[in-house]
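Q: Hi! Could you walk me through this one once it is on the screen?
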Amino acid sequence: MGTRHNNFAPVLRLIAAVLSLSATASAIGVNYGTLGNNLPTPATVAKFLKTKTIIESVKLFNADPDILRAFAGSGLKVTVTIPNGLIPSLTKDDEARGWINDHIAPFYPKTKINRVLVGNEIMATLDDNLISNLVPAMKAVHRALVKAGIDDVQVTTAHAMGILKVSEPQPSQARIRKGYDKVIFEPMLKFLRQTKSPLMVNPYPYFSYAPSIADYALFRPNRGVHDSHTNITYYNMFDAMMDAVYSAIKAMGYADVDIVVAETGWPSAGDPNQPACTVDNAISFNGNLLKAVTSGKGTPLMPNRKFETYIFSLFNENLKPGQSNERNWGLFRPDFSAVYDVGILKNKQSRPAPRPAPNKQSRPAPRPAPVAGKKSWCVPKASASDQALQANINYVCSQKGMDCRPIQAGGPCFGPNNVRSHASFVMNSFYRLNGARPFNCDFAGTGVVANSDPSKCFIFFSSLGLFVNT
């Protein structure tokens with residue numbers, strides 16, 4: 001009987017893990033930074049998030065008592081972060097208990113604290129003292145929570161993507177950096193598995209941005225990046241980054257540990273030498289990000305999944321040091337007007353937020369996007385090759401919600417049966433379905449917006465609520 005139990009224990013654990021992952025909430029959270037001298041009070045922030053947005057949780061970079069008090073009774077989940085410098089002292093049980101008694105116990109459970117992060121991006125500090133004490137501190141903080149009778153608050157930490165030695169362009173070959181894999185991540189992942197806590201990562205395609213891969217980074221139509229080891233083609237960098245993390249922990253035997261996106265986002269303005277920092281790019285990235293993590297499609301290596309995701313950040317923070325982009329990551333301005341809205345606001349019919357006067361730290365707002373239904377079409381450029389157009393077809397037809405049956409044999413737009421005709425149909429379908437914004441007709445420079453219907457196939461698909469044409 002004992003042998004039988006031992007044989008089935010790993011199987012039962014795997015089944016439980018799969019069930020747990022399939023039920024993972026797709027909560028949309030936001031990083032609530034406070035480096036500003038014009039920010040609203042925590043109480044007004046809590047009320048705004050609760051009543052005006054779909055945001056379900058916030059992540060703090062500290063354990064600010066004023067914020068924790070303000071969020072009491074709001075129902076919003078709150079993740080707090082222990083400052084990096086405290087990590088060595090918190091390896092001692094009495095110090096860890098003192099921190100929990102001072103910073104968590106007075107507010108819990110009235111404030112719905114769901115996680116404690118022990119530091120932020122510790123591996124990136126290259127500080128051996130912090131790195132070596134990270135996992136012992138995580139364990140001590142967990143013990144302190146249990147000692148205080150708090151058994152439903154997870155303990156983890158957030159990592160930059162630099163923990164991987166390989167991620168692009170072959171996500172399947174990503175591994176944790178040598179020297180950290182066995183010494184730090186082996187015990188950390190074991191702890192996360194035992195406590196049913198997630199590995200939290202900060203995948204930022206923005207920091208890998210280059211003009212040549214702009215569409216790939218921004219979830220826009222592109223030819224994709226192929227992983228020859230899995231024969232998978234990735235059409236956005238975010239999926240590739242997430243699968244790289246998954247591949248790395250799977251290689252260590254911890255594929256059952258959940259992955260949560262602790263930070264990601266895109267700045268909406270920057271200095272003249274930061275051309276990628278625009279409102280259009282922020283809308284493209286964050287809008288498509290929200291669709292990706294909540295759709296249930298998952299990633300190629302983690303299909304049928306939703307991902308808990310924390311956008312960076314809630315507000316533009318005017319005291320952040322560095323170039324202008326550092327102060328322009330926010331979804332909202334300090335007066336709660338939206339810098340842009342990608343579906344975060346509950347009232348979709350609300351008027352656009354007033355735009356501030358231009359200054360050296362902001363760029364002019366983009367021109368309004370064409371209204372859905374207005375007569376414009378996305379068509380292939382005459383110079384586009386069949387190879388490029390076939391790549392466009394593969395990309396669009398891989399997207400959730402796209403119906404490519406009309407160009408299949410027997411479909412109403414199958415003829416003429418050639419790549420250019422089929423590409424015109426799918427490119428225009430994608431363009432219309434995504435709000436007829438000009439950048440959704442770029443397709444790596446192979447698409448152009450036309451003002452007249454160039455084709456013979458002009459069909460209204462009521463199921464999509466849009467006009468599609470070839």
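A: Happy to, and let's settle one term before we start: buried means under 20% relative accessible area, exposed means over 50%, and partly exposed is in between (1.4 Å probe, protein chains only).

Q: Good. Where does Asn231 sit, and is it buried or exposed?
A: Asn231 is exposed, at 60% relative accessible area. Its place is the loop between strand 7 (225-227) and strand 8 (232-234). Helices (H or I, at least four residues) and strands (E, at least two) are DSSP runs, numbered from the N terminus. Phi of Asn231 is positive, near 60 degrees, and the residue is not a glycine.

Q: What kind of model is this, and what was counted?
A: It is a predicted model: local features need pLDDT of at least 70, side-chain atom pairs count only at pLDDT 80 or more, and totals for chains, interfaces and linings use all residues. Residues are numbered from 1 along each chain as its sequence is written, and side-chain values use heavy atoms, with hydrogens and water left out.

Q: What average pLDDT does the chain have?
A: The average is 85, and 84% of the residues score at least 70. That score is the predictor's confidence in each residue, from 0 to 100. Over residues 1-25 the pLDDT is below 50, and this stretch has 10 contacts in the model beyond near neighbours in sequence. Residues 458-470 are also below 50, with 40 contacts beyond near neighbours. Contact here means heavy atoms within 4.5 Å. Where pLDDT is low, the predicted coordinates should not be read in detail.

Q: Which residues make up strands 1 and 2, and how do they pair?
A: Strand 1 covers residues 28-32 and strand 2 covers residues 57-60; they pair in the parallel sense over 4 bridges. Tyr32 stands opposite Leu60 in strand 2.

Q: Switching topic: how many salt bridges does a search of the whole structure find?
A: The search finds 9, each a side-chain nitrogen of Lys or Arg within 4 Å of a carboxyl oxygen of Asp or Glu. One of them joins Arg143 and Asp93 at 2.8 Å, N to O. Arg143 lies in helix 6 (residues 128-147) and Asp93 in helix 4 (residues 93-103), so the pair ties together parts 50 residues apart in sequence.

Q: What about Arg193, which residue does it form a salt bridge with?
A: Its partner is Asp256, with the closest N and O atoms 2.8 Å apart. Arg193 is in helix 7 and Asp256 in the loop between helix 9 (237-251) and strand 9 (259-264), so this pair ties together parts 63 residues apart in sequence. Arg193 is partly exposed at 22%, while Asp256 is buried at 19%.

Q: Last one: which residues does a cis peptide bond join?
A: Phe312 and Ser313 are joined by one, with omega about 10 degrees. The bond from Tyr108 to Pro109 is cis as well, with omega near 5 degrees. Pro109 is in the loop between helix 4 and strand 4 (112-120), and Ser313 in the loop between strand 10 and strand 11 (377-380). Most peptide bonds are trans.

Technical notes: Pairing = 2+ DSSP bridges.
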